[in-house]
Amino acid sequence: MSNEIDVIRSLLPQARRPDRSRRVDVGGIEVSVVEWGDEMSQPLLLAHGGFDFAGTWDLFAPLLADEGFRVVAWDQRGHGDSDMAALYTWEADMRDAACVIESLNTEKPIPVLGHSKGGGMMNQLAEVLPHRVSAVINLDGIPNERGFTNQVDRSDVNALASELSGWLDHRRKAGQMSRRADTIKGLAERRKLMNPRLSTEWLQYLVTVGARCDDDGWRWKIDPTLRFGPSGAWRPEWAIPRLRGLHVPYLGVIGTVKEEMGWGTTPEEAFQILPEGAEFHALADTGHFVHIERPDYVAEIAVEFLGRVL
Amino acid sequence: MTTTFLEHVRSRLALHELRDGTGHPLLILHGLGEESPQKIPKVVQGWRGPICALDFTGHGASSVPVGGGYTCEALMSDADAVLAQLGPVTLLGYGLGGYVGLLLFGSRPTEVKGLVIMDGPGLDGGGGRPVSPKLLHVSSSSLDGSTPDPWAMAELASDIRPPSYAADHARQIQVLSELDVAVCVASLGRPEWLTAALESPVVVESDVSTALSTFTLL
């Protein structure tokens, strides 16, 4: 088995596992925190997207570490190597992010970078803890008035009925569920359905870092009680009127190719709501995972931005 | 009173049977920070069938999760576990339980035989429109596993309940439930979500005894 892992990882020599890992108590449960780069360097916090995990930074984070950053990422609760929780909310994820920053024991504010859901979280972090954040880099996590791409049309009675009862049906059996076991290849193929623009080599690599090998096969290390898709009253667009109020240097990057997992925000929409003076890049022929499709370029503009504003 | 426990997702939920009987049950949903009544409340004594009451996650005799993360949708799912156990019920919700009852009715419109919304703690939540976000904090010394869970108290008093969200659930009830009068509002309180729900013709103002005497015949 380890031979198979070695072969898969050897196909992506530029991907690098973290240099260190530790666990941080976030109020009774523990999250897994990983770091790349010199411990004495400038910290930079990375927040992954929903149903991702810290290992999804293995291509991008080393590029930042090699430019002199102490890159810190964590698995959100229920994801990767962090504990599973009984309950999940955006607000609990925000508290966990604040605990991870606390664990760095840094007095100075630090730059933060988030992808997708993580980008939305870092927008909010800069608002609720402005004294802890020195810059925000948002990778395809900028909201728009239309909500998520895959959001149900709430005016459609039958569609909403299916969404609501489907969520409850999932909860009725969630306590006994486990993620489906498969081969590395099989898990990668299933993930490609949601991440169609990402290479097979990368998706197979992700299995080796984001799934665990049980007796009957590989399973993603994501809490089976979590269900893809938005639920509840919370809407990403609630953040729109407040983005202008962020008074930290801000870099927004979006991919212009729409994807199921993406937020579908157009460059025009993003440009209108970003904080004054924000730097903004809309990447042509690039999907939702800008940092995986174009790691070198996104790292280059991130490092250039941080070098200028910190 | 007999108590059974339902294993639901990662919670162990206490379901109390306050009174046996024939016909479909009345399920009482308590308010924020409360727990199921030990005795049958006077207002429901006219109910003909069985009377049950659920302790939500983190309340009463139900289990306390670690690390918070409460949503009204998770509590709705708690109450849905009772539907799975008992079949169709009429709901009577106090405060928070009234809002959770509306969400459940909108999500299971053919399995709920009417809802009565009463005043009680947590009726308003965090209001109807997004406000400045905040990072909630609970003293770790208060997290001793006892109920009510301080995280529930903090999080369910600050969750946003948009009028349009409640109105969507009321519309689901209106279209998919077969009841002409489906939700009776017996509360004095009128948070924005409830005013919005009252726009639906199947959501009406009513005193509790009239409401229950209608629903008990269903």
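Tutor: Of the 218 residues of chain B, 54% count as buried; a residue is buried if 20 or more other C-beta atoms lie within 10 Å of its own, exposed if 12 or fewer, and partly exposed in between, with C-beta atoms placed from the backbone. Please keep in mind that this is a predicted model, in which local features need pLDDT of at least 70 and side-chain atom pairs count only at pLDDT 80 or more, while totals for chains, interfaces and linings use all residues. Residues are numbered from 1 along each chain as its sequence is written, and chains are lettered from A and ligands numbered from 1 in the order in which they are written.

Now for the overall build. Chain B has 6 helices and 8 strands; helices (H or I, at least four residues) and strands (E, at least two) are DSSP runs, numbered from the N terminus. Along the sequence they follow the pattern β-β-β-β-α-β-α-β-α-α-β-α-β-α. The radius of gyration of chain B is 16 Å, close to the 17 Å that the globule rule gives for 218 residues, so chain B is as compact as a globular protein of that length. That radius is taken over C-alpha atoms, and the rule is 2.2 Å times the number of residues to the power 0.38. Along its principal axes, the C-alpha trace of chain B spans about 50 × 40 × 30 Å. Among contacts in chain B between residues at least 6 apart in sequence, 74% join residues at least 24 apart; two residues are in contact if their C-beta atoms, placed from the backbone, lie within 7 Å.

Let's zoom in on one strand. In β6 (residues 112–118) of chain B, 7 of the 7 residues are buried, so this strand is largely enclosed by the rest of the structure. Strands of a sheet pair through backbone hydrogen bonds, either parallel or antiparallel. Here, 5 bridges join β5 (residues 89–94) of chain B to β6(B), and the two run parallel; two strands pair if DSSP finds at least two bridges between them. Within that pairing, B:L91 stands opposite B:L115 in β6(B). To get from β5(B) to β6(B), the chain passes through helix α2 (residues 96–107) of chain B, and this β-α-β crossover is right-handed. That term applies if, with the strands pointing away from the viewer, the path from the first strand over the helix to the second runs clockwise. β6(B) also pairs in the parallel sense with strand β7 (residues 183–185) of chain B, over 3 bridges. There, B:I117 has B:V185 in β7(B) as its bridge partner.

And the partner? Chain B touches chain A: 34 residues of chain A are in contact with 37 residues of chain B. On the chain A side, the elements that give two or more residues are α3 (90–102), α4 (117–128) and α5 (157–174) of chain A. Of these, α5(A) gives the most, with 9 residues. The residues on this side of chain A divide into 19 nonpolar, 9 polar and 6 charged; Ala, Val, Leu, Ile, Met, Phe, Trp, Tyr, Cys and Pro count as nonpolar, Asp, Glu, Lys and Arg as charged, and the others, Gly among them, as polar. Chain A itself has 11 helices and 10 strands, and 47% of its 310 residues count as buried.
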